[in-house]
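Notebook open, model loaded. I'm jotting down what I look up as I go.

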Amino acid sequence: MRYSLCAITVALALAGCEKNADKKRGAPPPPPAAPTVATDGTRSIPINVNDEGYDPAKIAAKPGEKLELVFTRLSKSACAEQVKVNDGPVTELPLEVPVKIAVTAPPSGEVRFACGMDMMTGVIVVN
Ligand SMILES: [Cu+2]
């Protein structure tokens, strides 16, 4: 898989969520792994936490679908060190260690997830 070198030189700082001055921007972030479905129907969705935010940041789900969000923090930014799903408890995300958080999709609407400072956000959209 090849990445354009041009993209590497684009290092526009996003507003907020910028705590580490020493973060490296040498390479584009790797894509997250593909979702998998367990025998009980639970869909496991790998989510990478990059300097730019969550990848993917938007997840489509079916009403009542059982999900397992697997967050892997790749960013050294302090912003990314914690995540909370649906305004639930704050979960620590050690660097490069996958952390699973189970979520059941509501009948309709959205489930938000965000960093501890509520700057990086993602959403599960039920449809
Ligand atoms: Cu943050």
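Which strand does Val 37 lie in? I find Val 37 in strand β1, residues 36-37. Strands here are DSSP runs (E, at least two residues), numbered from the N terminus.

Ground rules before going on. This is a predicted model, so I take local features only at pLDDT of at least 70 and side-chain atom pairs only at pLDDT 80 or more, while totals for chains, interfaces and linings use all residues. Residues are numbered from 1 along each chain as its sequence is written.

**Val 37, continued.** Buried or exposed? Val 37 is exposed because 10 other C-beta atoms lie within 10 Å. The cut-offs: 20 or more other C-beta atoms within 10 Å is buried, 12 or fewer is exposed, in between is partly exposed, with C-beta atoms placed from the backbone. I also checked Val 37 against Leu 67: they are 30 residues apart in sequence and 9.0 Å apart in space, C-alpha to C-alpha.

**Core.** Leu 67 turns up again in the largest nonpolar core, which has 22 residues. By nonpolar core I mean buried Ala, Val, Leu, Ile, Met, Phe, Trp, Tyr and Cys residues joined through C-beta atoms within 7 Å. Leu 67, Leu 69, Val 103 and Ile 124 have the most contacts inside this core. I see at least two core residues from each of β2 (43-50), β4 (58-61), β5 (66-73), β6 (82-85) and β9 (109-115). The largest share, 4 residues, comes from β9.

What does Val 103 touch, leaving out residues up to four places away in sequence? I get Leu 67, Leu 69, Val 85, Asn 86, Val 111 and Ile 124. Contact here is C-beta atoms, placed from the backbone, within 7 Å.

**β4.** I looked at its side chains next. β4 pairs with β10 (residues 121-126) in the parallel sense over 4 bridges; pairing takes at least two DSSP bridges between the strands. Lys 58 has Val 123 as its bridge partner in β10.

I found a cis peptide bond joining Asp 55 and Pro 56, omega about 5 degrees. Pro 56 sits in the loop between β3 (53-55) and β4.

Asn 86, from the Val 103 list, has a positive phi near 55 degrees without being glycine. I place Asn 86 in the loop between β6 and β7 (90-92). Asn 86 is partly exposed because 14 other C-beta atoms lie within 10 Å.

Asp 118, also not a glycine, has a positive phi of about 65 degrees. I find Asp 118 in the loop between β9 and β10. With 13 C-beta neighbours inside 10 Å, Asp 118 counts as partly exposed.

Terms used. Contact = placed C-beta atoms within 7 Å.
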